[in-house]
Amino acid sequence: MGSFFKDIRPLLKLMQFFGLHFQLTDGLCKKSFYCLRVYAALCLLFNISWNSYYTAKFVNSWPRITLSTVNDFVDYFNFMLDITGSHAAMYLMTFGSLHEVHNSFQRLERVLGTQYNHKLRHSSWMAVAFVVSFVMTQFTLTIYNRETMKNWYILLSLLLADLGHAYPMMSYCLFFVSALALAFHFQHVNSKLADYLKRESKNSGELDGIRTNHGLVCQAVGQLNGSFQTLSFIHVVFAFIGIVNTSFILMTKSYFSPKIVLYQFESVARLGLLGYICDRVHFEALACLNTLANTRSDHVMGYSLLHQQQHVMFGGQILQTVPKFDVYGLFHLSRQLLPHLIGTTITYSVILYQFKGP
């Protein structure tokens, strides 16, 4: 494996425990490989069947339909889709889509020689601690409120649902560390460009190599975006419905447990975290353009005509291939997405509240 997948091995081991093995090495024997495939399929089948059965039982036990009960159902259905949808999407990624990302990262590490300086390993361990602590907190809150439950069947159902929340959290943690590695690659390309511009003697072939490396990193960003588009769509929809449900809870003055509050905070933090890392990659990709722009004009005029043309071509390539993370072309993942969703929800909630009767 490349150094990237060595650094994020703690997160991959946690995902393997939950039945998600991406088979990025050839070290496993055929028997072990099929055992892991069967284990992964059983985990997915159990997750979907258990959540579907419990959702159907929840619907059958519905009281009179009111705004509060509909809100509870949408809230529960949103969590069910988040858990099963993320699990199914990541299970499909084990059949090859992540291999393309793996190959692109290996090519970048071979060509650029980027050193992560253990930053990815620290981020991976932090991601594992974040997932485990969140799940254990949910376990604690569920067991603490066990007196209000009718039997052990309901308690077991809620504990399994809490365990299932590890799947969406692991998915965006994997996306975060992958995008963080691409930001490091852009930093490495920018540092090579800055060193090239500072030297007195310049080789036109070296600038072509830097431009090629920048294009390779942009291609890797596109592959990462394509592999995680379904998961990004699930995360955005989950966060948006969570924000809307929170506004309805506040409008109806319904009681909501600390678990629901923690879920809503996690959904908002999820979208904010994804927006931050996508903007980080976008900023690091444009850093090369800033490095070219900061070159003094008298230095540029002293270059040969070929070097000046290469500078213009490199700047045009950066502007044309600037990476952006989108979700099926519907919207872009950035830090502005979360304030826009919150602002839209508040606007329409105020409008609905005005139509509310006394």
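A salt bridge is taken here as a side-chain nitrogen of Lys or Arg within 4 Å of a carboxyl oxygen of Asp or Glu, and by this rule the count comes to 4 salt bridges. The structure is a predicted model, in which local features need pLDDT of at least 70 and side-chain atom pairs count only at pLDDT 80 or more, whereas totals for chains, interfaces and linings use all residues. Residues are numbered from 1 along each chain as its sequence is written, and side-chain values use heavy atoms, with hydrogens and water left out.

Helices (H or I, at least four residues) and strands (E, at least two) are DSSP runs numbered from the N terminus, and a residue is called buried under 20% relative accessible area, exposed over 50% and partly exposed in between, with a 1.4 Å probe and protein chains only. Side chains of opposite charge can pair when their charged atoms come close. In helix 11 (residues 258-293), arginine 270 and glutamate 266 lie 4 residues apart, about one turn of the helix, and they form a salt bridge whose closest N and O atoms are 3.0 Å apart. Arginine 270 counts as buried, at 1% relative accessibility, and glutamate 266 is likewise buried, at 6%. A salt bridge also joins arginine 280 to glutamate 284, with 3.4 Å between the closest N and O atoms; these two residues are 4 residues apart in helix 11, and about one helical turn separates them. Both arginine 280 and glutamate 284 are buried.

The salt bridge between the side chains of aspartate 279 and arginine 335 has an N to O distance of 3.1 Å. Because aspartate 279 lies in helix 11 and arginine 335 in the loop between helix 13 and helix 14, this pair ties together parts that are 56 residues apart in sequence. Aspartate 279 is buried, with a relative accessible area of 15%.

Arginine 270 is also among the contacts of histidine 235, where contact means heavy atoms within 4.5 Å. Histidine 235 is found in helix 10 (residues 229-252) and counts as buried at 2% relative accessibility. Leaving aside neighbours within four places in sequence, histidine 235 is in contact with Asp82, Ser86, Pro168, Ser171, Tyr172, Arg270 and Leu274.

A nonpolar core is a set of buried Ala, Val, Leu, Ile, Met, Phe, Trp, Tyr and Cys residues joined through side-chain atoms within 4.5 Å. The largest such core has 83 residues, and Met15, Met170 and Leu174 have the most contacts inside it. Helix 8 (residues 166-198) gives the most to this core, with 21 residues. When residues up to four places away in sequence are not counted, leucine 174 touches Ile8, Leu11, Met15, Phe22, Leu98 and Phe228. Of these residues, Leu11 and Met15 are among the buried residues of helix 2 (residues 9-17), together with Pro10, Leu12 and Leu14. Helix 2 is followed by glycine 19, whose phi is positive, near 85 degrees.

Glycine 113, which follows helix 5, has a positive phi near 70 degrees.

Rings of Phe, Tyr and Trp (its six-membered ring) pair if their centres lie within 6.5 Å, with planes under 30 degrees apart counted as stacked, over 60 as edge-to-face and the rest as tilted; by this rule the count comes to 5 aromatic pairs. Phenylalanine 17 and phenylalanine 18 form an edge-to-face pair, 5.3 Å centre to centre, with 90 degrees between the planes. Phenylalanine 17 is exposed, with a relative accessible area of 57%, whereas phenylalanine 18 is buried, at 8%. Phenylalanine 175 and phenylalanine 325 also form an edge-to-face pair, at 5.5 Å centre to centre and 80 degrees between the planes. This pair links distant parts of the chain, 150 residues apart, with phenylalanine 175 in helix 8 and phenylalanine 325 in the loop between helix 13 and helix 14. Both phenylalanine 175 and phenylalanine 325 are buried.
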